[in-house]
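Dear colleague,

Please find below the structure that I am handing over to you. My notes on what was found in it follow directly after.

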Amino acid sequence: MNLTNYRPISLLTSFSKVFEKALFNRLTAHFNTNKLLVGNQFGFRKGIATEDAIFKLINETLNALNNNKKMVGSIFCDLEKVFDSVNHDILLSKLPYYGINGKAKLLLESYLQNRYQSVQVTNPNFNSNTVSEWTKIQYGVPQGSILSPLLFLVYINDLPKAIQHKALPILFADDASILLTSLNNIQMQSDFKIIFEQLIKWFKSYLLFLNFDKTYFIQFTNKSTCTSDIQITYKDKQISIVNETKFLGLFINNNLSWKTHIECIKT
């Protein structure tokens, strides 16, 4: 049992849920009416599902391959404990940029700060129940709450702007695919180096960390293209190059066939 695979879920009172729902509806209406959330984000948005993000990725890849873009590749990013890593000060400092000021900002500040958590471990085999001491929450949004997904989207909303001049980011909450097209191997290697450095810089500025062990690169090919030796590194770490990976529940391989996904479903 790996404890790092477990996440805390907030158990909230009924009154808190009703109040959060009202606040969520007002904030969602504000963001949707003013079109404040980037179009690259497909997660936690009404009327948009994982299928839309997957279609965007596959459609853009096929269009590039069919329009004589010789090199098409994507970095599939995995971030470590992003919901638990949200910095409250950074998040609150971004709210005025989206038109959330005054009492509305103070309300969200009160919502995030001075929260405490306790962990309860129950072992039915020994009829034991252990409860930890209460600890103040320094980072993160309360997982399991109504407001948390929206607040997280606000936190990472400007990520696409950091790289979209050279690449197409496709986001579903914290799942990110960075798609890039180039005419040749040298250009792709150079562009990916620049983009990856920009990504790492953005992550660090928001106190988020990339999990290099679960971040992968795929070069997509068709009958008229062939794979090239692309190396994506940062300091002493390197992104693994694979022929297939799982993105939002779909197994995607380098030639965009359904073979891998069908085989996984069959087993």
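**Surface patch and overall findings**

On the surface, F15, F19 and L107 make up a nonpolar patch, whose accessible area together is about 330 Å². Of these, L107 belongs to helix α5, which covers residues 102–112. With a relative accessibility of 32%, L107 counts as partly exposed. Please bear in mind throughout that this is a predicted model.

**The chain as a whole**

The chain contains nine helices and 13 strands. Its C-alpha trace spans about 60 × 50 × 35 Å along the principal axes. Of the 267 residues in the chain, 40% are buried. The chain exposes about 15600 Å², and 54% of that area is supplied by carbon and sulfur atoms. As for contacts with a separation of 6 or more, 71% of them are between residues 24 or more positions apart.

In soluble globular proteins, nonpolar side chains tend to be buried together. The largest nonpolar core here has 52 residues, and within it F196 and F203 touch the most other members. Helix α8, which runs over residues 185–205, gives the most to this core, namely eight residues. Leaving aside residues up to four places away in sequence, F196 touches I75, L210, F212, I232, T233, Y234 and I239. There is also a second, separate core, which has 19 residues, among them A64, F76, F172 and L179.

**Salt bridges**

The structure holds four salt bridges; three of them are described here.

Within helix α2 (residues 50–66), K56 and E60 lie four residues apart, about one turn of the helix. Their side chains meet in a salt bridge, with an N to O distance of 3.2 Å. Both partners are partly exposed: K56 has a relative accessibility of 30%, and E60 has a relative accessible area of 27%.

A further salt bridge joins D158 and K94, whose closest N and O atoms are 3.0 Å apart. This pair links distant parts of the chain, since D158 is in the loop between α6 (148–155) and α7 (159–163) while K94 is in helix α4 (residues 88–94), 64 residues apart. K94 is buried, as its relative accessible area is 9%.

The side chains of D191 and K166 also meet in a salt bridge, at 3.4 Å from N to O.

**Cysteines**

How many disulfides does the model contain? A disulfide is a covalent bond between the sulfur atoms of two cysteines. With a cut-off of 2.5 Å between cysteine sulfur atoms, the count comes to zero disulfides. Of the cysteines, C77 is buried, with 7% relative accessible area, while C264 is partly exposed, with 32%.

With kind regards

Note on methods: Residues are numbered from 1 along each chain as its sequence is written. This is a predicted model: local features need pLDDT of at least 70, side-chain atom pairs count only at pLDDT 80 or more; totals for chains, interfaces and linings use all residues. Side-chain values use heavy atoms; hydrogens and water are left out. Buried means under 20% relative accessible area, exposed over 50%, partly exposed in between (1.4 Å probe, protein chains only). Patches are made of residues with over 30% relative accessible area and no salt bridge: like charges are joined within 9 Å, nonpolar side chains (Val, Leu, Ile, Met, Phe, Trp, Tyr) within 5 Å. Accessible areas come from the Shrake-Rupley method with a 1.4 Å probe; for residues, only the protein chains shown count as cover. Helices (H or I, at least four residues) and strands (E, at least two) are DSSP runs, numbered from the N terminus. A nonpolar core is a set of buried Ala, Val, Leu, Ile, Met, Phe, Trp, Tyr and Cys residues joined through side-chain atoms within 4.5 Å. Contact means heavy atoms within 4.5 Å.
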